[in-house]
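User: I would like to see how the labels used for a protein model follow from their definitions. Could you take me through some of them?

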Amino acid sequence: MPDEIKCARCGQKRAPLGYSPLPTELGQKIAFDVCQPCWSEWLQTQTRIINHYGLDLTNPEAQGFLLDNMKGFFYGATELAQIDTSKEGSIKW
Ligand SMILES: [Zn+2]
């Protein structure tokens with residue numbers, strides 16, 4: 001585990017979260033990609049999303065929705081760029 005990473009969200013050089021917050025590939029990625037302050041920020045955002053939408057996290061659809069939001073939160077710009085590029089080839093004018 002490196003002492004410092006360039007955080008995927010804030011772009012600052014900071015200590016990484018350092019542990020996988022989810023038992024998934026995304027969780028492993030976040031452990032190395034995201035700084036501790038940004039993770040705390042996500043936890044607050046997550047609570048707001050859950051309350052706002054009244055999400056029931058025993059429901060797989062609600063879990064998927066929250067995961068999509070998490071990806072957007074940390075990797076938003078990259079994801080959008082990828083979507084745009086993939087559309088280019090498939091749209092016929
Ligand atoms: Zn950060």
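User: Where is Leu-57 found, and why is Leu-57 called partly exposed?
Analyst: Leu-57 sits in the loop between H2 and H3, helices here being DSSP runs of H or I with at least four residues and strands being runs of E with at least two, numbered from the N terminus. The relative accessible area of Leu-57 is 36%; buried means under 20%, exposed means over 50%, and partly exposed is in between, with a 1.4 Å probe and protein chains only, so Leu-57 counts as partly exposed. This is a predicted model, in which local features need pLDDT of at least 70 and side-chain atom pairs count only at pLDDT 80 or more, while totals for chains, interfaces and linings use all residues. Residues are numbered from 1 along each chain as its sequence is written, and side-chain values use heavy atoms, with hydrogens and water left out.

User: Which residues does Leu-57 touch?
Analyst: Leaving aside residues up to four places away in sequence, Leu-57 touches Ile-50, Ala-62, Gln-63 and Leu-66, where a contact means heavy atoms within 4.5 Å.

User: How do you know whether Gln-46 is buried or exposed?
Analyst: Gln-46, which lies in helix H2 (residues 36-53), has a relative accessibility of 18%, and therefore counts as buried. Again apart from residues up to four places away in sequence, Gln-46 touches Leu-66 and Met-70.

User: Which atoms coordinate the zinc ion?
Analyst: The SG atoms of Cys-7, Cys-10, Cys-35 and Cys-38 coordinate the zinc ion at 2.2 to 2.3 Å, and donors are N, O and S atoms within 2.8 Å of the metal (3.2 Å for Na, K and Ca), although water is not among the atoms and sites may look incomplete. Along the chain, the donors follow the spacing C-x2-C-x24-C-x2-C. Cys-7 lies in the loop between strand S1 (5-6) and strand S2 (13-14), whereas Cys-38 lies in helix H2, so the pair ties together parts that are 31 residues apart in sequence.

User: What makes the site of the zinc ion tetrahedral?
Analyst: Four donors count as tetrahedral if all angles lie between 85 and 135 degrees; the angles among the 4 donor atoms of the zinc ion are 104 to 115°, so the site is tetrahedral. For comparison, the ideal angle for four tetrahedral donors is 109.5 degrees.

User: Why do Cys-7 and Cys-38 count as buried?
Analyst: Cys-7 counts as buried because its relative accessibility is 3%, and Cys-38 is likewise buried, with a relative accessible area of 3%.

Note on methods. Tetrahedral: all angles 85-135°; square planar, octahedral: opposite > 155°, others 65-115°.
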